[in-house]
Amino acid sequence: MEFTNTQNKFIRHKSSGYQVLKGKEGTGKSTASIYKALNLENNYCLYEDDKILFVTSNYSKNSEAIELYNKESSKEYFYSLFSLDKNRVNIVTFEELINTYYNAYRREKGQVFKIVSKKDALRLLESLDDEISSFYKKSKFIEKAKLEFLLDEILWIKASNFELEDYLVIDRKGRKKRIKKSSYTRESIYKIKELYNKKLSMNSLIDEYDHVLFALSYVKKFKGLYSHIILDDIERLTKAEIDFIKSIYKEKDYSSFIFILNSELNNKENSWMIKGRKFNSLGVDVKGKSFSFKLKFEKKKKVINTIEKYEYINLRNKDVVEFNIDTASNKKEIFDNENTIYNEEDLVDLPMFSNIAAGNPIEINDNIEGKFYLPKYWLERGKDTFILRVKGDSMVEKNICDGDLVVIKKQANANHNDIVAASLDGEATLKTLNLNSDSPKLMPANSLYSPIELSNRDVSILGIAIGVIKQEIS
């Protein structure tokens, strides 16, 4: 891979501590950062427990980063005395990382939460009318403020992980209306935020920012997990989200934390690094450790193949059908290797969820990842069917691997030796059901994992696996 002098300087730079990499889309920031991670892995992981975290902003970027890292990690660009024959780089999406620690927090507390809608959050604030009106006498601002404004301000406070003393003096850059610093009004709004939080808790509700705050609360007990962190697309994150990543940083003399900032993308709602916001507002010093990529990064041009290749394995009769989807086509159709074309009327859209564990149980993400269409003739007629993306390796001996899509027929019962998606103590896992022993068990298909006893467990069958979709990676 050929890099510019500026890119090479960033990749091989020896500075530790907080650093910033800036540039527009297409200047090679993410690509150069993978090579930076390889350099850190081979030269700046001095002890066995040193690890590197590379956080991406979405599943697509994550897949590209993993693919590049796996391709280049075997090459000896950066080998040194500290190089080990093991992977010390963890590449994950931000959402996956947050959910891991949010779910751990929820399990530790033994609580189940429901996400409150914006409409219901406003109703909740409205129910606090008596408490809010007690602030009117000293604050005409609050008396005139609409509930929508108060809710937006409360959510910004939570998205920014402010304590009262922070909120009283913070520059509300980019916010609507002006509220004087260290004022009674600011103090009152913060108290209304606490009343709002208490009301949420009483009703086992959370809003869109609580899962980050709960994850942050849980992870603080570990006092640092990663010696090096690379955080991509920081302009899309809230301060609370950035604080969460900072909390798992294990700061040593040789460790590093790299913020990657895309200088032209639009921010999300309540993002912290808006125009004009400095990095020192995050409590970090990046002076003299900032890199700027200005030239478009030109990779070797190649013909882009828009055909995605898959195979569908019918678990009932073991038939395997290879099929293709043209991602550049506006038509909803798939075609097999015998050029049989299935048009829209032949297909059925299946909701696709991520993730289900083929390893230790994890909570099913209730959010639909997307839809995947298959010929209706491949499925059982009249049955409610959905798709789950597998995460883990406990079913590899059944040829169900990490990243595969498993087609599930929804039903509440199963027979011996069926591969089932099961809810176990409120979490979901994919295993083979064994009813041919003293007590029912969920059996892995990997000797590294132990059977799961179901006696005295809160277990229910979500459905039966009837097929597996595998994508061929070219």
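**Around one tyrosine**

In this predicted model, begin by selecting Ser 256 and Tyr 249: the backbone nitrogen of Ser 256 lies 3.3 Å from a polar atom of the Tyr 249 side chain.

To place Tyr 249 in the fold, display the secondary structure. Tyr 249 sits in the loop that runs between helix H12 (239-247) and strand S7 (256-262). Is Tyr 249 buried or exposed? Its relative accessible area is 7%, so Tyr 249 counts as buried, the cut-off being under 20%.

Now select the residues in contact with Tyr 249, leaving aside its neighbours within four places in sequence. Ser 255, Ser 256 and Phe 257 belong to this set, as do Gly 17 and Tyr 18, together with Gly 224, Tyr 226, Ser 227 and Ile 229.

**The cavity**

Return to Ser 256, which is also one of the residues lining the largest cavity. To show the rest of that lining, select His 13, Lys 14, Ser 15, Leu 40, Tyr 44, His 228 and Tyr 254. How much space lies in the largest cavity? The volume is about 30 Å³, and the count of cavities of 30 Å³ or more comes to one. Colouring the lining by class gives three nonpolar, four polar and one charged residues.

Definitions and conventions: Residues numbered from 1 in each chain as written. Predicted model: local features only at pLDDT ≥ 70, side-chain atom pairs only at ≥ 80, totals over all residues. Heavy atoms only, no water. Helix = DSSP H or I, 4+ residues; strand = E, 2+ residues; numbered from the N terminus. Buried < 20%, exposed > 50% of the residue type's maximum accessible area, 1.4 Å probe, protein only. Contact = heavy atoms within 4.5 Å. Polar contact = N/O pair within 3.5 Å; in protein donor to acceptor, adjacent residues only side chain to side chain. 1 Å grid on protein atoms, 1.4 Å probe; cavity = no way out; pocket = protein on both sides within 12 Å on 5 of 7 lines; lining within 4 Å. Points joined across faces, edges and corners; volume = space filled by probe spheres on them. Nonpolar A, V, L, I, M, F, W, Y, C, P; charged D, E, K, R; others polar.
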